Amino acid sequence: MAVTIKDVAAKCGLSISTVSKAFNNYADISAETREAVQRAAKEIGYYPNAIARTLKTNRSYNLGVLFQEESGTGLTHSFFASVLEAFKSEAEKHGYDLTFINHNIGWNGMTYLEHCRYRNVDGVVIVCANFYAPEVIELVNSNIPVVTIDHTFANRSCVLSENVEGMKALVEYAASLGHTRIAYVHGEKASVTENRITGYYRGLAASGIDCNPDYLVESVYDSPEAGAAAVKALMALPLPPTCIIMQDDHAALGALDAAAELGLRVPEDISIAGYDESRLASLTRPRLTTVAQDTDKLGRQAAVYLIDRIENPRTAGSEMAMVPTKLVKGESIGPVKK
């Protein structure tokens, strides 16, 4: 015979309604009671029925994750994988599952919004996407709770890395070692790109360095090949830079390879830096100078904002969390060569 919620109530010595509220995370149920109910359910082998819970609470306890990373690395991308792991961990603490949102589902192409409704998600976190795409804007403007990471919308909560300050600190560090010809290879158009370019300009200005427009080069994120090509183009300039900041650590790997192909020593002949502090940064030789982003804080705060908007729609506002970055001084930036 199947174990029912009545059996859990009898085991705990509580009413069925109290047990039901404990399973559904009602605010008027204490943490001690909730733990007792969960412990009793586990002992007798009872698991709440997800469909029944959805009918009772009008929530699916399912969060959508919009993650459309264009470079092809997908979930192997170390930065986004770390952010998603933190988001997943925090969501699970609150009893939520995750569903990845796409618009190419099996037999039927769907918009992001249609897929969210098809999967009946309670809310969506947008971790990586073309935030300017009509499909994304349609989702953001819908009645589904949305939280974004590293992009701001006027009517949605967001979690941002301090990219302006992170890049500014990196430029100032290079300048403190005597570099005045500092190039920045940035990624394609996005809020994070615009903020880092702003930080680059501010770092130059704070160091009393005029900006050379030839030293600001657009490339793509997460591509060692693109990074290598950008470095070769910069070093072919009549007055090449003495320090090159790459758009991320993966691109910096390509930059290191390009320097070797050109017969340049790092950092003696050319200084190179990355961004993101991926696991690779500590494995390169020389060890890569980079900027660390707090991926755990980014992911967890996004989950907290989203769940608050779902569970407390009347009191949750459109909030913004700014997560500090940290300059990681490796060995790939050295004093400028005299």
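## A walk through the model

Start by selecting Gly274, which sits in the loop between β11 (271–273) and β12 (290–293); helices (H or I, at least four residues) and strands (E, at least two) are DSSP runs, numbered from the N terminus. Before going on, please note that this is a predicted model, where local features need pLDDT of at least 70, side-chain atom pairs count only at pLDDT 80 or more, and totals for chains, interfaces and linings use all residues. Residues are numbered from 1 along each chain as its sequence is written, and side-chain values use heavy atoms, with hydrogens and water left out.

Is Gly274 buried or exposed? Gly274 is buried, because its relative accessible area is 0% (buried means under 20%, exposed over 50%, partly exposed in between, with a 1.4 Å probe and protein chains only). Now show the contacts of Gly274 beyond four places in sequence: among them are Leu170, Met246, Asp248 and Val291 (contact means heavy atoms within 4.5 Å).

Next, select Arg196 in helix α9 (residues 191–206). Arg196 counts as buried because its relative accessibility is 3%. Leaving out residues up to four places away in sequence, the residues that Arg196 touches include Tyr184, Tyr221, Tyr275 and Asp276.

Now bring up the open sheet of six strands, in the order β2-β1-β5-β6-β7-β13, with parallel pairing (two strands pair if DSSP finds at least two bridges between them). At its edges are β2 (97–101) and β13 (320–323), each pairing on one side only. Zoom in on β5 (residues 123–128) and β6 (residues 146–149), which pair in the parallel sense over three bridges. There, Ile126 has Thr148 of β6 as its bridge partner.

Which helix lies across β1, β5, β6, β7 (157–161) and β13? Select α12, which runs at about 170° to β7; axes are lines fitted to C-alpha atoms, for helices over the stretch in contact, and angles run from 0 to 180 degrees between N-to-C directions.

Finish with helix α5 (residues 78–93), which packs against helix α12 (residues 295–311) at about 40°, with axes 7 Å apart. That angle makes α5 oblique to α12, because angles under 35 degrees count as roughly parallel, over 145 as roughly antiparallel, 65 to 115 as roughly perpendicular and the rest as oblique. To see the contact, show residues including Phe79, Val83 and Phe87 of α5 with Leu298, Ala302 and Leu306 of α12.
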